[in-house]
Amino acid sequence: MSTIYKTRRAIFKSKLEVDIAFITSPANIFYYTGFLSNPHERFMALVFNTKTNEEILYVPALDLAAAEQVAHLQRIVPITDEQIPFEVVKNTIGNLGQTAGVEAKTLTLARYLELIGALNVQVTDIQQLVNTQRLHKTRDEINQLKVAIHIIEQVMSEGIKKIHIGMTELELVAELEYLMRKFGADGQSFASIILSGENAALPHGHPSMRKIENGDFVLIDMGVVKDGYCSDITRTFIVGEATDKQREIYDTVLASTLAGIKAAKANIPLKQVDLTARAVIENKGYGDYFNNRVGHGLGIEVHEEPSVHAANNDLITIGMVFTIEPGIYIPNYGGVRIEDNVYINELGEAEVLTTFPRELQIL
């Protein structure tokens with residue numbers, strides 16, 4: 001595995017046009033080194049010095065042993081809580097050059113002010129350089145994603161067996177998150193969205209003490225992290241008996257999801273996936289109840305590039321992974337979302353990574 005990370009770093013360095021580059025996103029540090037850690041408020045950075053060809057990983061002192069186990073780098077430098085991070089960088093690197101690249105989305109204003117206060121460099125954004133490299137997944141990465149997807153689908157299969165009338169949304173969350181750990185997840189990829197009845201009309205609502213009732217929609221959107229890669233799946237169920245209107249809404253969302261999957265292929269604009277899926281919902285008269293994008297990238301982070309929305313003219317390319325998750329959300333009534341994960345494979349076709357049944361299940 002160390003060879004993979006070395007190759008990734010070499011590709012990144014070959015495209016750098018700055019003297020020194022700071023990678024501070026934990027996800028990106030993992031991508032380039034294999035070391036996965038959340039430093040919280042502490043400083044952590046992978047630093048590339050293009051003038052000397054050095055690669056140095058700076059980690060909180062308490063993470064030094066863990067980093068040394070997996071990150072095969074020239075130098076790993078610990079920083080204690082008493083030290084000033086960029087002073088340590090300055091003292092260990094020496095010749096910093098004149099230009100520094102940073103990830104604009106990750107570097108906080110506080111860290112930026114510390115950087116320019118300690119180092120006499122001109123700062124530029126290298127975010128897109130990193131994003132572009134991570135955008136295209138290898139088969140090895142797809143296999144890692146499949147492990148995370150398999151775990152969450154096991155959780156879904158076993159978890160829905162526990163749903164019963166009178167159970168609260170939070171009780172169901174507890175059952176599902178227990179199963180995540182039981183089936184081997186390292187953690188959640190995001191806070192589980194478990195909603196019932198009228199609450200299912202909130203695309204990103206928070207589970208509550210609401211009790212599940214007969215005839216409710218139960219929307220389950222959840223994912224796990226396994227070995228640094230994320231899964232994200234949504235299915236919607238109905239408890240007891242479905243009305244004709246509920247079936248119509250469900251069938252419309254299902255048709256929309258399938259249309260989006262069919263539209264996803266290399267060399268067409270990303271927006272076409274959104275527009276195709278959205279047209280199905282609009283043609284059934286529910287367009288006002290679908291007010292978010294149809295999908296997002298998935299990989300080391302649960303939300304990453306690309307963004308699959310109606311104004312994204314970027315072309316779909318081989319190696320992309322993204323979700324397709326249209327929905328209908330009717331206030332004070334309920335909602336349905338069906339989410340799958342697709343990989344644009346070597347043939348330029350959408351390979352569906354999720355396998356959990358999409359057909360309506362009455363619990």
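In this predicted model, the cover over the buried residues of helix α6 includes α1 (2-15), β1 (20-23), α2 (26-33), β5, β6 (122-125) and β14 (304-308). The buried residues of α6 (residues 127-135) are Q127, V130, N131, Q133, R134 and L135. Buried means under 20% relative accessible area, exposed over 50% and partly exposed in between, with a 1.4 Å probe and protein chains only. Helices and strands are DSSP runs numbered from the N terminus, H or I with at least four residues for helices and E with at least two for strands.

As the model is predicted, local features need pLDDT of at least 70 and side-chain atom pairs count only at pLDDT 80 or more, while totals for chains, interfaces and linings use all residues. Residues are numbered from 1 along each chain as its sequence is written, and side-chain values use heavy atoms, with hydrogens and water left out.

Strand β5 (residues 99-102) holds V102. With a relative accessible area of 6%, V102 is buried. Beyond the residues up to four places away in sequence, V102 touches F22, L107, L115, V123, T124, D125, I126 and Q127; contact means heavy atoms within 4.5 Å. V47 lies 55 residues from V102 in sequence, and their C-alpha atoms are 9.9 Å apart.

Another buried position is S256, at 0% relative accessibility. S256 is part of helix α9 (residues 244-263). Its contacts, leaving aside neighbours within four places in sequence, are A277, R278, V280, I281 and P326. With A277 there is also a polar atom of the S256 side chain 2.7 Å from the backbone oxygen.

What does the chain look like as a whole? The chain has 10 helices and 19 strands. Its radius of gyration is 23 Å, close to the 21 Å that the globule rule gives for 363 residues, so the chain is as compact as a globular protein of that length. That radius is taken over C-alpha atoms, and the rule is 2.2 Å times the number of residues to the power 0.38. The C-alpha trace spans about 70 × 40 × 35 Å along its principal axes.

Of the 363 residues, 54% count as buried. Among contacts with a separation of 6 or more, 65% are between residues 24 or more positions apart. The accessible surface, from the Shrake-Rupley method with a 1.4 Å probe, comes to about 15900 Å², and 50% of it belongs to carbon and sulfur atoms.

Definitions and conventions: Polar contact = N/O pair within 3.5 Å; in protein donor to acceptor, adjacent residues only side chain to side chain.
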